[in-house]
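Hello,

Here is the structure I promised to pass on. My notes on helix packing and the chain interface follow it.

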Amino acid sequence: MATQLKAIDHSAMQTSRAVRMGVLLAAFVVNAPWLAAITGVLMLVGTARGRGDFGFIYRALRRARWISPDLIPDNPEPHRFAMGIGVVFLAGSTLAFLAGLPILGWVLTWVIIGLTALNLFGGFCVGCAVYYWMNRVGLRGFVKAPPPGVIPGQRPSRPD
Amino acid sequence: MLERLAAALALIVVGYLVYRLYGWFIMRRLVGAGMGLEGYTPGKPAILYFTDPGCAPCHALQDPALEQVAAQFGDRLQIIKVQALENPHLTDAWGVLSLPTTFIIDTRGRPRGVNHGVARAPRLLDQLRAIGEASPRLVEPDRVDSLS
């Protein structure tokens, strides 16, 4: 199926990833599970609205001209799906904390820290790869195929 | 709090080591398997290049870098191109997560280095030197004389 790509601001997504990773690391260091829970809520809102979880920070940085947009043709759906996976993990983490299972809570939080780091530094989005695999097996609702010349999950590059 | 900071740093280091270990594991698994190296001629180093016609950085940056390296080595180097998206089994077997990806293969067909993303000509030349393959055109003329 032909894929209709949209111009996605990868600069906004990278900013969100960097802030998310920093906040979750800070949550662990100062032992503040509520910070991880708030991050989960922001991710939930971002997933529902189709925007970044820390988009307000990106917009502030843009207004201050510290950062500029990096528009790359891409599919927004896999990124949204990946954020949804993050929400599930952080929701699980919050439930674990509430149930008095802090080790499980932090393990789930660290899974998100690891996946975010892989995306931020390695340019590989595991949630997007899962989305595209589901597309490959023809699962209903997973309609978007990877952009041309891109391995499922890989961050696309700017066209020539 | 210091203990938790130390634990966080330790986990970051462990994460990095796991990432490196994954690369090492892929390389070890490939040694001797020869996956995708059907066109490889033993006795010559090779660069196994995962690319795709739709990969913009491959055309803009990686192809010219490989041309530069090939120009220096001539027929002493093999460049084996793999169309990654048409060969998903090879892409998975070699643990390729992004395009372009290049593997440095030694004269015995063993993968000795990997570049995830664009690798410029100097880096590729360094990697070839590291496995004992010096480009003939990089050798000083008087050095060539002394070798003959």
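**Helix packing in chain A**

H1(A) and H4(A) run roughly parallel to each other, because their angle falls under 35 degrees. Keep in mind that this is a predicted model. H1(A) covers residues 10–29, and it packs against H4(A) at about 10° with the axes 13 Å apart. From H1(A), the contact uses His10(A), Met13(A), Arg17(A), Arg20(A) and Leu24(A). H4(A) answers with His79(A), Met83(A) and Leu90(A). By class, this contact has four nonpolar, two polar and two charged residues.

H4(A), residues 76–98, also packs with H2(A), residues 33–49. Their axes come within 8 Å and cross at roughly 150°. That makes H2(A) roughly antiparallel to H4(A). The crossing is left-handed. On the H2(A) side, the contact residues include Pro33(A), Ala36(A), Gly40(A), Met43(A) and Leu44(A). On the H4(A) side, they include Arg80(A), Met83(A), Val87(A), Leu90(A) and Phe97(A). Ten residues of this contact are nonpolar, seven polar and two charged.

**Interface of chains A and B**

How many residues of chain A are in contact with chain B? The count is 19, and they meet 21 residues of chain B. The two chains bury about 1600 Å² between them. Carbon and sulfur atoms give 69% of that area. Val29(A), Gly149(A) and Ile151(A) supply 34% of what chain A buries against chain B, more than any other three residues.

Best wishes

Technical notes: Residues are numbered from 1 along each chain as its sequence is written. Chains are lettered from A and ligands numbered from 1 in the order in which they are written. This is a predicted model: local features need pLDDT of at least 70, side-chain atom pairs count only at pLDDT 80 or more; totals for chains, interfaces and linings use all residues. Side-chain values use heavy atoms; hydrogens and water are left out. Axes are lines fitted to C-alpha atoms, for helices over the stretch in contact, and angles run from 0 to 180 degrees between N-to-C directions. Helices (H or I, at least four residues) and strands (E, at least two) are DSSP runs, numbered from the N terminus. Angles under 35 degrees count as roughly parallel, over 145 as roughly antiparallel, 65 to 115 as roughly perpendicular and the rest as oblique. A crossing is left-handed if the near helix is turned anticlockwise from the far one by less than a right angle, and right-handed if clockwise. Contact means heavy atoms within 4.5 Å. Ala, Val, Leu, Ile, Met, Phe, Trp, Tyr, Cys and Pro count as nonpolar, Asp, Glu, Lys and Arg as charged, and the others, Gly among them, as polar. Buried area is the accessible area (1.4 Å probe) that two parts lose on being put together, summed over both.
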